[in-house]
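Subject: A structure for you to look through

Dear colleague,

I am handing over the structure below, and after it I have written down what was found. Please keep it open beside this message while you read.

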Amino acid sequence: METEKIELTHDPKRGELFYGKNNVTLTARGQLAWIQRECEKAIGPAASHIIYESARVYAHRTESNIEQQVLNNLNKLSREEIALKLLEQFNKFGYCYAQAEEIDIEGKKAKIKVYNSANAIGYMNAEKPVCHFIRGVIAGAASELLDEPMYCLETRCTASGGGYCLFEVMTSEIAEKKRLGE
Ligand SMILES: [Zn+2]
């Protein structure tokens with residue numbers, strides 16, 4: 001196993017942890033999927049929408065580091081470079097190993113391949129893709145980056161077999177048209 005050391009800073013008086021400038025909380029890998037599965041058991045398919053929306057709004061609106069990254073780099077890097085930087089950060093936070101398959105800033109679309117999704121842990125032979133949290137974070141980050149409401153669809157998922165998950169990013173407007181069958 002090839003690993004890299006990272007540095008976390010702990011404030012013992014406040015009981016807080018920092019990864020770079022990000023105030024973070026450590027949870028076990030799999031915790032996310034566990035919460036999601038319990039929500040699904042309790043409320044059914046609505047759980048996927050809640051998990052997706054909570055991640056999307058969090059990534060887009062709060063002081064999540066995504067907004068900071070975008071704002072800090074807007075004058076230094078192209079939007080494509082910022083997108084790649086965000087993906088790298090996603091990997092560093094332990095969600096998965098994400099790679100850009102296609103990033104089309106002008107066309108407002110992207111395809112992201114994700115290996116080893118923490119969101120899919122514990123799911124076996126799922127009928128539909130299950131990585132709603134990751135989908136939400138990607139949608140929120142894309143909305144932040146393009147300053148327009150963006151949607152993310154997972155078109156294949158390790159939970160239903162195969163070696164990776166595939167996420168497609170598009171504007172919410174196009175997603176809506178697809179839903180309407182246009
Ligand atoms: Zn997945």
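The expected span of a helix is 1.5 Å times one less than its number of residues. Please bear in mind throughout that this is a predicted model.

With that definition in hand, we can begin with helix 4, which has 14 residues and reaches 20 Å from its first C-alpha to its last, close to the 20 Å expected at 1.5 Å a residue. Within helix 4, the buried residues are Ile82, Ala83, Leu86, Leu87 and Phe90. These residues lie on the same side of helix 4, because the arc they cover around the axis is only 145 degrees. The face turned away from that buried side carries Glu88 and Lys92, which are exposed. As for what covers the buried residues of helix 4, the covering elements include helix 3, strand 4, strand 5 and helix 5. Just after helix 4 comes glycine 94, which takes a positive phi of about 85 degrees.

The next thing to look at is the sheet, which is open and has four strands in the order 4-5-7-6, with antiparallel pairing. Strand 4 and strand 6 stand at its edges and have a single partner strand each, so one side of each is left without a neighbour in the sheet. On average, and with direction ignored, neighbouring strands of this sheet are turned by 20 degrees against each other. Helix 4 packs on the sheet, where it touches strand 4 and strand 5, and its direction makes about 165 degrees with that of strand 4. Helix 5 also packs on the sheet, touching strand 5, strand 6 and strand 7, and its direction makes about 145 degrees with that of strand 6.

Strand 4, residues 97-104, pairs with strand 5 in the antiparallel sense over seven bridges, and here isoleucine 103 stands opposite alanine 110 of strand 5. The hairpin of these two strands has four residues between the strands, and in it lysine 108 takes a positive phi near 55 degrees. Strand 5 and strand 7 are also antiparallel, with five bridges, and valine 114 has cysteine 165 in strand 7 as its bridge partner. Between strand 6 and strand 7 there are six bridges, again in the antiparallel sense, and leucine 153 is bridged to glutamate 168 in strand 7.

Which residues of strand 5 lie on its covered face, and which on its uncovered one? Ala110, Ile112 and Val114 form the covered face, whereas Lys109, Lys111, Lys113 and Tyr115 form the uncovered one.

This brings us to the largest nonpolar core, which has 40 residues, and in which those with the most contacts are Ile134, Ile138, Ala141, Ala142, Cys152 and Val169. Among the elements that each supply at least two residues of this core are helix 1 (31-43), helix 2 (46-61), strand 6 (150-156) and strand 7 (165-171). Helix 5 gives the largest share of the core, eight residues. Leaving aside residues up to four places away in sequence, isoleucine 138 touches Ile112, Cys152, Phe167 and Val169.

Finally, arginine 179 lies in helix 6, residues 172-179. Arginine 179 counts as exposed because it has 9 C-beta neighbours inside 10 Å, and the cut-off for exposed is 12 or fewer. Arginine 179 and glutamate 4 are 175 residues apart along the chain, and their C-alpha atoms are separated by 43 Å.

With kind regards

Notes:
Residues are numbered from 1 along each chain as its sequence is written. This is a predicted model: local features need pLDDT of at least 70, side-chain atom pairs count only at pLDDT 80 or more; totals for chains, interfaces and linings use all residues. A nonpolar core is a set of buried Ala, Val, Leu, Ile, Met, Phe, Trp, Tyr and Cys residues joined through C-beta atoms within 7 Å. A residue is buried if 20 or more other C-beta atoms lie within 10 Å of its own, exposed if 12 or fewer, and partly exposed in between; C-beta atoms are placed from the backbone. Two residues are in contact if their C-beta atoms, placed from the backbone, lie within 7 Å. Two strands pair if DSSP finds at least two bridges between them. Axes are lines fitted to C-alpha atoms, for helices over the stretch in contact, and angles run from 0 to 180 degrees between N-to-C directions. The arc is that of the directions from the helix axis to the C-beta atoms.
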